[in-house]
Amino acid sequence: MRSSNLKTENKKLKEKELSVKSKTNNLSIIRDFICNAATEIGFPSEVIDNIILAVDEACTNIIKHAYKSYPEGEITVKLKYADKKFTIIIIDHGTPFKPETVPDPNLQTYYRQHRIGGLGMYLMKSLMDEVKYVSVPGKYNRVLLSKNLNTSP
Amino acid sequence: MAEFSTSTKDAGDINVIYLNGYLDAHTAPVLENTFSDLIDKRKYSIVVNFKNLAYISSAGLGVFMAFIEKIRENSGDIKLADMSDKVYNIFDLLGFPLLYEIFKSEEDAIKKFNEIK
């Protein structure tokens with residue numbers, strides 16, 4: 001019984017990887033990559049939309065903040081699916097990021113200060129089950145996002 | 001590559017911006033230019049029609065934040081219309097309905113502008 005379950009899961013995505021340069025015109029390539037994998041796993045369409053947006057936000061932050069819009073940086077997106085959990089790991093080699101220094105956005109403050117960034121992190125936390133950052137200065141930054149197949153959108 | 005474009009309609013005192021396609025960090029400058037052009041022409045009463053917008057990320061939402069104050073200082077407004085549930089949910093999650101009036105249809109948004117006068 002258990003083995004037949006495993007068989008079905010093995011047919012689905014186990015691990016995939018995509019590397020692109022840190023240019024905003026690659027965001028659509030990353031979104032398509034995520035869309036295909038999440039569809040293959042069998043997430044409902046509204047959850048797929050949320051995962052795509054969360055990954056777009058993470059990569060947009062990497063392009064703008066880690067690489068400061070330098071277009072030749074590398075962004076690697078690794079996908080894993082195991083135990084009904086879809087994990088997306090995004091690696092860059094730009095400036096380290098300290099997530100604890102980013103407060104949750106207050107829209108009224110943004111409005112007054114003309115601040116237009118910072119919303120992405122809040123979206124990622126809202127849309128995913130798990131968001132974790134690890135920075136090894138001088139080596140890499142890693143964002144881990146995960147979504148369980150059976151949780152609500 | 002994701003496509004995005006805008007078109008505009010001059011409806012007298014009110015201008016409508018139509019959004020088409022995917023609005024992300026790559027394509028947000030296209031919408032910024034559309035707003036800048038209208039503001040340069042002193043057009044401050046703007047309805048944005050979302051009917052053909054397939055996708056928006058926070059970089060796209062940021063464009064609305066960037067122009068709203070300048071527009072309201074000039075007694076204008078940005079009113080949003082005809083959003084899909086998918087796009088509305090993202091606006092809602094970030095609290096945008098507190099800052100922007102969102103209408104079911106472009107006609108309703110235009111009507112609201114006309115009521116004020």
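The model is predicted, with local features needing pLDDT of at least 70 and side-chain atom pairs counting only at pLDDT 80 or more, while totals for chains, interfaces and linings use all residues. Residues are numbered from 1 along each chain as its sequence is written, and chains are lettered from A and ligands numbered from 1 in the order in which they are written.

Of the 153 residues in chain A, 33% are buried, that is, with 20 or more other C-beta atoms within 10 Å of their own, the C-beta atoms being placed from the backbone.

The 5 strands of chain A make an open sheet, ordered β1-β2-β3-β5-β4, with antiparallel pairing; strands pair if DSSP finds at least two bridges between them. β1 (15-21) and β4 (130-136) of chain A sit at the edges with a single partner strand each, so one side of each has no neighbour in the sheet. From one strand to the next the twist averages 15°. β1(A) and β2(A) (residues 74-82) share 7 bridges in the antiparallel sense, and A:Ser19 has A:Thr76 in β2(A) as its bridge partner. Lying across β1, β2 and β3 (85-92) of chain A is helix α2 (residues 27-41) of chain A, which runs at about 170° to β1(A); angles run from 0 to 180 degrees between N-to-C directions, and axes are lines fitted to C-alpha atoms, for helices over the stretch in contact.

As for the two chains, 21 residues of chain B are in contact with 20 residues of chain A, contact being C-beta atoms, placed from the backbone, within 7 Å. On the chain B side, α2 (58-73) and α3 (85-93) each supply at least two residues, and α2(B) gives the largest share, 7 residues.

Within chain B, α2(B) also packs with α1(B) (residues 28-40): their axes come within 9 Å and cross at roughly 15°. The two helices are therefore roughly parallel, the label for angles under 35 degrees. Residues making this contact include B:Leu31, B:Phe35 and B:Ile39 of α1(B) and B:Val63, B:Ala66 and B:Phe67 of α2(B).

Technical notes:
Helices (H or I, at least four residues) and strands (E, at least two) are DSSP runs, numbered from the N terminus. A residue is buried if 20 or more other C-beta atoms lie within 10 Å of its own, exposed if 12 or fewer, and partly exposed in between; C-beta atoms are placed from the backbone. Angles under 35 degrees count as roughly parallel, over 145 as roughly antiparallel, 65 to 115 as roughly perpendicular and the rest as oblique.
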